[in-house]
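Here's a walk through one protein model, written for someone who likes to know the cut-offs. Have the coordinates open as you read.

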Amino acid sequence: MKLYYENSRGKIIDLMNWPVVAQNPEVLAERSWSYETEGNQDGTKNFKQFYKDLEQKQLQLSVMADDRESYNQLMDDMSETFDYDIRNRQPGKIWWNDRYKEAYITASDLSDYEEDFEAIESTITVSTTYPWWIKENRVEGHIGRQESTGNNLDYPHDYPFDYYNGIEDVQISNESISDCNFQLTIYGPCENPRLIIGNHVYGLTCTLEDGEYLVIKSREKKAYKVKITGEQESVFQFRDGEYYLYEKLHPGIYRISWDGLFGFELTAYEERSEPRWI
């Protein structure tokens, strides 16, 4: 089993191998739902809604070192790694195998220090306002040509070009039991970029110059262009009005079709209340 904390600038603290070992990792997999109820006329109650709220878990760590210098350095590294996210208000990630949960380490309680062995017990508080275990499924599409081995595709709506499935067979999967968020990045140069994922169109009527790229984030409901200078410019007003730009990906496997005139990256974020046990 892999269990580690990665802060928002990529610094990693391994939590399952010497010199830091988690004693109760199973607490991180515990799940809970908050809920609201509503009353019926006969005096009974129904569940009105279920939702996730702020979650905090207490993870006990055994911290060890070969000597005083190594111990001091390790304790300093852990403190700075955890506090970096707090000070920058950017969550880190606590990883359980191939899934992560966005989190902050908001407290650290120390006990049972053994000076002769340079060891201590540290109970850290793992706090998150988005308590989902996330797995990223990422695919790429590369620039191709219409006369390539791709097959032209017919759709019920008219577009200024034929869509095709690209030189490669590009597919995206959502293996969870619910719709999942995504991030789509489209690279210029191109005009009026559009992709069809399953039967849904994600498109904008805008121009990307060479070196510019477009980002669509369904969770944050943001769509913006990043210029060569690094400046961000909202492009939401250029969305295809017939289709919802932030439509989540439904469970299943979907072929991605586009005109082959631009490259893209698509990441699907599968979410679970517990990490997978198999």
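## Two cis prolines

Pro189 sits in the loop between β15 (181–187) and β16 (190–191), where strands (E, at least two residues) and helices (H or I, at least four) are DSSP runs numbered from the N terminus. The peptide bond leading from Gly188 into Pro189 is cis, with omega near 10°. A cis bond also joins Trp18 and Pro19, with omega about 15°. Pro19 belongs to the loop between β3 (16–17) and β4 (20–22).

Some ground rules: this is a predicted model, in which local features need pLDDT of at least 70 and side-chain atom pairs count only at pLDDT 80 or more, while totals for chains, interfaces and linings use all residues. Residues are numbered from 1 along each chain as its sequence is written, and side-chain values use heavy atoms, with hydrogens and water left out.

## Overall build

The protein has one helix and 24 strands. Its radius of gyration (over C-alpha atoms) is 24 Å, well over the 19 Å that the globule rule gives for 278 residues, so the protein is more spread out than a compact globule. That rule is 2.2 Å times the number of residues to the power 0.38. Along the principal axes, the C-alpha atoms fill a box of roughly 75 × 65 × 35 Å.

How much of the protein is buried? Of the 278 residues, 42% count as buried, meaning under 20% relative accessible area with a 1.4 Å probe and protein chains only; exposed is over 50%, and partly exposed is in between. The protein exposes about 15,800 Å², and carbon and sulfur atoms supply 45% of that; areas come from the Shrake-Rupley method with a 1.4 Å probe, and for residues only the protein chains shown count as cover. Among contacts (heavy atoms within 4.5 Å) with a separation of 6 or more, 66% are between residues 24 or more positions apart.

## Charges and salt bridges

There are 29 positive and 51 negative side chains, and the centres of the two sets lie 5 Å apart. Lys and Arg count as positive, Asp and Glu as negative, with His and the chain ends not counted; each charge is placed at NZ of Lys, CZ of Arg, CG of Asp or CD of Glu. Side chains of opposite charge can pair when their charged atoms come close. A search of the whole structure finds 13 salt bridges, each a side-chain nitrogen of Lys or Arg within 4 Å of a carboxyl oxygen of Asp or Glu.

One of them pairs Lys101 with Glu55 at 2.8 Å, N to O. This pair links distant parts of the chain, strand β9 (residues 99–114) and strand β7 (residues 55–64), 46 residues apart. Lys101 is buried at 3% relative accessible area, and Glu55 is buried too at 8%. Strand β9 also holds Glu102, whose partner Arg219 lies in the loop between β20 (213–217) and β21 (222–226), 117 residues apart. Elsewhere, Glu212, Lys225, Lys227, Glu231 and Glu233 are linked in a network of salt bridges.

## Loops around β9

Asn97 is in the loop between β8 and β9 and has a positive phi, near 55°, despite not being glycine. Asn97 is partly exposed, at 33%. Glu118, in the loop between β9 and β10 (119–128), is another non-glycine with a positive phi, about 50°. Buried or exposed? Glu118 is buried, at 10%.
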